[in-house]
Amino acid sequence: MNKKEELIRTIKFILFSISAGIIEIVAFALMYNLIKIPWWPSYLTALILSVLWNFTFNRRYTFKSANNVPIAMLKVAAYYAVFTPLSTLGGNYLEQTVGLNGNIVTLMVMGCNLVTEYLYDRFFVFRKTIDTNEIAKKKTSEN
């Protein structure tokens with residue numbers, strides 16, 4: 001794998017994450033700002049929606065992985081089993097106790113999620129199965 005391919009993979013991850021982030025921030029804003037649901041249930045619901053979106057596209061198009069989907073989802077679920085309570089409790093603390101704006105807290109948490117999930121996905125979830133799906137095989141056969 002060369003540096004150019006890895007840069008393209010990183011850019012794809014960021015772009016798909018931005019699309020998931022849009023879903024997350026819109027869902028969060030609707031619940032938190034419009035409906036006035038407290039921070040943590042708004043954040044948690046929005047996070048779940050973005051995770052489902054992001055996993056689907058990144059597995060197929062960024063990492064081009066043909067690995068077992070349930071196993072990959074379990075590995076991602078393990079990441080979120082740690083990230084979700086930490087980010088929910090930490091974010092709620094920052095919003096409720098410290099008094100930071102909930103929208104700012106959410107953006108901070110989203111930035112942390114972007115970096116840590118990319119590293120986790122790249123080096124743990126899809127490490128051995130990168131470029132193994134039909135998209136990657138087709139590209140290889142064309143070259």
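Contact here means heavy atoms within 4.5 Å. The model is predicted: local features need pLDDT of at least 70, side-chain atom pairs count only at pLDDT 80 or more, and totals for chains, interfaces and linings use all residues. Residues are numbered from 1 along each chain as its sequence is written, and side-chain values use heavy atoms, with hydrogens and water left out.

The protein has five helices and zero strands. Helices (H or I, at least four residues) and strands (E, at least two) are DSSP runs, numbered from the N terminus. The order of elements from the N terminus is α-α-α-α-α. Along its principal axes, the C-alpha trace spans about 55 × 25 × 25 Å. Of the 143 residues, 38% count as buried (under 20% relative accessible area, with exposed over 50% and partly exposed in between; 1.4 Å probe, protein chains only). Among contacts with a separation of 6 or more, 79% come from residues 24 or more positions apart.

The axes of α1 and helix α4 (residues 102-125) come within 10 Å and cross at roughly 150 degrees. Helix α1 is therefore roughly antiparallel to α4. Axes are lines fitted to C-alpha atoms, for helices over the stretch in contact, and angles run from 0 to 180 degrees between N-to-C directions. Angles under 35 degrees count as roughly parallel, over 145 as roughly antiparallel, 65 to 115 as roughly perpendicular and the rest as oblique. Residues making the contact include F13, I14, F28 and Y32 of α1 and L107, M110, L114 and Y118 of α4.

M31 lies in helix α1 (residues 3-34). Its relative accessible area is 12%, so M31 is buried. Beyond residues up to four places away in sequence, M31 touches K36, I37, S42, T45 and A46. The C-alpha atoms of M31 and T45 are separated by 9.0 Å, at 14 residues apart along the chain. In α2, the buried residues include S42 and A46, along with W39, Y43 and L47. The buried residues of α2 pack against α1, α3 and α4.

K64 follows α2 and has a positive phi, near 45 degrees. This lysine sits in the loop between α2 (39-62) and α3 (69-98). K64 is buried yet has no salt bridge (a side-chain nitrogen of Lys or Arg within 4 Å of a carboxyl oxygen of Asp or Glu). The nearest side chain of opposite charge, D131, is 4.5 Å away. Lys and Arg count as positive and Asp and Glu as negative; His and the chain ends are not counted. Leaving out residues up to four places away in sequence, K64 touches K12, N58, R59, T129, I130, D131, T132, N133, I135, A136 and K139.
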